[in-house]
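Dear colleague,

Please find below the structure that I am handing over to you. The notes that follow it set out what was found.

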Amino acid sequence: MTSKKYIYEIPDNENHPAKKVIKWIKNNSKVLEIGCASGIQSKILKENLGCRVTGLEIDPSAAADAKPYCEDVIIGSIEEIDLSLALKNENFDAILFVDVLEHLIDPLATLKKILPFLNENGVVIASIPNISHSAICWELAHGRFDYQKYGLLDNTHIRFFTKKNIIKL
């Protein structure tokens, strides 16, 4: 059963967060994608860049959809899973958090937790919604802060970040 929330097309728009993240990944990289969802980005990494992707996904249905694009898919919460058991001695060239950190109770602890699995010259790449985005400011100015199914006010976000908070994190 497919988790429909995670099925989408990455727009052909260079400003889309997924497009920006992909630009940071080198060909043939070994990638750990935290929150791989249904594998939309994993597919691009594998098919277009020749990457070897390990996905970690909390939603078992979405994880099943991601399996064809990942060498391995680990099902569980990044905050709860024992990474040394799940990843053994694996190291990665890139660890991705694409629209994930805002869903976590303790994003800083999670970032610290994954660092031992990063290659010496590896990168951690995150995209994080900015709560001070003009669309949110406009809504607030009109007395609205309505959660939605997707986007900046996704109803599953438990943390909100401004650019200053993101940099501090």
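**The sheet and its helices**

The model, which is predicted, contains an open sheet of five strands in the order E3-E2-E1-E4-E5, with parallel pairing. Its edges are formed by strand E3 (72–75) and strand E5 (118–127), each of which pairs on one side only. From one strand to the next, the twist averages 15 degrees.

Within the sheet, strand E1 (residues 30–34) runs parallel to strand E4 (residues 92–98), and four bridges join the two. Leu 32 has Ile 95 of E4 opposite it.

Helix H2 (residues 40–49) packs on the sheet, where H2 touches E1, strand E2 (52–57) and E4. The direction of H2 makes about 175 degrees with that of E1. Helix H5 (residues 107–114) lies across E4 and E5, and its course is at about 165 degrees to E4.

**The nonpolar cores**

The largest nonpolar core has 20 residues. Those that touch the most other members are Ile 34, Leu 56, Ile 78, Leu 83, Leu 87, Ile 95 and Phe 97. At least two residues of this core are supplied by each of E1, H4, E4 and H5. E4 gives the largest share, which is three residues.

Ile 95 deserves a separate entry. Not counting residues up to four places away in sequence, Ile 95 touches Leu 32, Ile 34, Ile 114, Phe 117, Leu 118, Val 123, Val 124 and Ile 125. Another core, of 17 residues, lies apart from the largest one; Cys 36, Ala 63, Val 98 and Ile 125 are among its members.

**Ser 77**

Ser 77 is found in the loop between E3 and helix H4 (83–87). Is Ser 77 buried or exposed? Ser 77 counts as buried because its relative accessibility is 14%, and the limit for burial is under 20%. With neighbours within four places in sequence left aside, Ser 77 is in contact with Leu 56 and Ile 58. Leu 56 was named above among the core residues that touch the most other members.

**Aromatic rings**

How many aromatic pairs does a search of the whole structure find? The search finds zero. Lys 30 belongs to E1 (residues 30–34) and Phe 92 to E4 (residues 92–98), the two strands joined by four bridges.

With kind regards

How values were computed
Residues are numbered from 1 along each chain as its sequence is written. This is a predicted model: local features need pLDDT of at least 70, side-chain atom pairs count only at pLDDT 80 or more; totals for chains, interfaces and linings use all residues. Side-chain values use heavy atoms; hydrogens and water are left out. Two strands pair if DSSP finds at least two bridges between them. Axes are lines fitted to C-alpha atoms, for helices over the stretch in contact, and angles run from 0 to 180 degrees between N-to-C directions. Contact means heavy atoms within 4.5 Å. Buried means under 20% relative accessible area, exposed over 50%, partly exposed in between (1.4 Å probe, protein chains only). Rings of Phe, Tyr and Trp (its six-membered ring) pair if their centres lie within 6.5 Å; planes under 30 degrees apart count as stacked, over 60 as edge-to-face and the rest as tilted. A nonpolar core is a set of buried Ala, Val, Leu, Ile, Met, Phe, Trp, Tyr and Cys residues joined through side-chain atoms within 4.5 Å.
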